[in-house]
Amino acid sequence: MTKTSRAYTNIALIKYWGKADEQYKIPYTGSLSLTLDKFYTDTTVEIIDSEYDQFILDGQIVDNTRISKYLDFVRNEYGFDNHLKIISENHVPTSAGFASSASGYAALAGALNSNLNLGLNQKELSILARNGSGSASRSIYGGFVEWQAGNSNQTSFAIPIDENPKTDLMILSVILNENKKDISSTQGMRLSAATSPFYGEWKNLVNRNLEEIKSAILANDIQKIGEISEHNAMSMHALTISSNPTFTYFSGNTLRVIELVKKLRTSGILAYCTIDAGPNVKIITDKNNIDIVDEYIKNNVESAKTVQAKIGQGLRDID
């Protein structure tokens, strides 16, 4: 019986921005994320009698070179030569900074493991997912997750910090634009690492932030988690602006939401921003404040759509 694997997106609270090894997607630094319960990908895998793989995304046949190269890697890594039909339903805005590749490749790794009987444990699944998309290594787990950078294919993987945290922390996803971004994450990382004069200090900052945020998570200090996450996100985006040529993922409405969040804080509302490689904003808050934050954003940004998200689960089979 064919099994369907479901993986959820994650939002990096301490960002990954730059690859030391592009082939194996090994990052320059570690990172730490929170898995969300609202955005996810469901994937099944079937062996087919064909000379080619088939990839069906949201009911449409897709010619995807990246997926094909990934499946070639998996065949070589695990010693089989079958071609596969991949069927995915993606419940995430694609290429808009919501980690659609994270849930996509984590779900694909899970479906490959379940349907091809690869017998992988979670560490091995994290490695397999990372070879598709770096951030997918973290979506193997729920809750708070750390991706340890490592220095080789076998030493770069994610580990759970707390998969079932007892916390009121929530995320308000503010969707401003669901279009594909002009500069991919891979392109942006490459340019920032090569040309930003601040990239060396970025690596030092991440190492400090990782220790600081793990202490805040242990203490269930949501305000501190928000403060560290917001500063880390703005520091990452400073790398894009300081690249040569300069670029940014922010839109006018991104800046508008950032200012609104600051105004909320001055009125005593718990709210902090984090933003990945795209214009959309994720607001860190708690269950006592999320409805207030949600209403305030929608009342002040006409085009914004919002989704309230709790902490999500790790990779699982749903059939």
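Q: At what angle do the axes of helix α1 (residues 65–78) and α2 cross?
A: The model is predicted: local features need pLDDT of at least 70 and side-chain atom pairs count only at pLDDT 80 or more, whereas totals for chains, interfaces and linings use all residues. Residues are numbered from 1 along each chain as its sequence is written, and side-chain values use heavy atoms, with hydrogens and water left out. Axes are lines fitted to C-alpha atoms, for helices over the stretch in contact, and angles run from 0 to 180 degrees between N-to-C directions. The axes of α1 and α2 come within 13 Å, and they cross at roughly 35 degrees.

Q: Is the crossing of α1 and α2 left-handed or right-handed?
A: A crossing is left-handed if the near helix is turned anticlockwise from the far one by less than a right angle, and right-handed if clockwise. For α1 and α2, the crossing is right-handed.

Q: How many residues of the contact of α1 with α2 are nonpolar?
A: Contact means heavy atoms within 4.5 Å; R66, I67, Y70, L71 and V74 in α1 meet S101, Y105, L108, A109 and L112 in α2. Ala, Val, Leu, Ile, Met, Phe, Trp, Tyr, Cys and Pro count as nonpolar, Asp, Glu, Lys and Arg as charged, and the others, Gly among them, as polar. The contact has one charged residue and one polar residue, and its nonpolar residues number eight.

Q: How many residues of α2 are buried?
A: Helices (H or I, at least four residues) and strands (E, at least two) are DSSP runs, numbered from the N terminus. Buried means under 20% relative accessible area, exposed over 50%, and partly exposed in between (1.4 Å probe, protein chains only). Helix α2 (residues 100–115) is mostly covered, and its buried residues number 14 of 16.

Q: Which are the edge strands of the open sheet of four strands?
A: Two strands pair if DSSP finds at least two bridges between them. The sheet has the order β11-β12-β10-β13, with antiparallel pairing. Each edge strand pairs on one side only, and these strands are β11 (272–274) and β13 (305–309).

Q: Which strands does helix α8 touch as it packs on the sheet?
A: Strand β10 (residues 169–175) and strand β12 (residues 281–286) pair in the antiparallel sense over six bridges. Helix α8 (residues 290–300) has a direction at about 15 degrees to that of β10. The strands touched by α8 are β10, β12 and β13.

Q: Which residues does a cis peptide bond join?
A: The bond has an omega of about 5 degrees. Its P245 lies in the loop between α6 (222–241) and α7. The joined residues are N244 and P245.

Q: Is K25 buried or exposed?
A: K25 lies in the loop between β2 (19–21) and β3 (26–27), and has a positive phi of about 55 degrees although it is not a glycine. Because its relative accessibility is 16%, K25 counts as buried.

Q: Which residues does N131 touch, not counting those up to four places away in sequence?
A: N131 is found in the loop between α3 (122–130) and β8 (144–148). Its relative accessible area is 7%, so N131 is buried. The residues touched are Y24, K25, Y70, F73 and N153.
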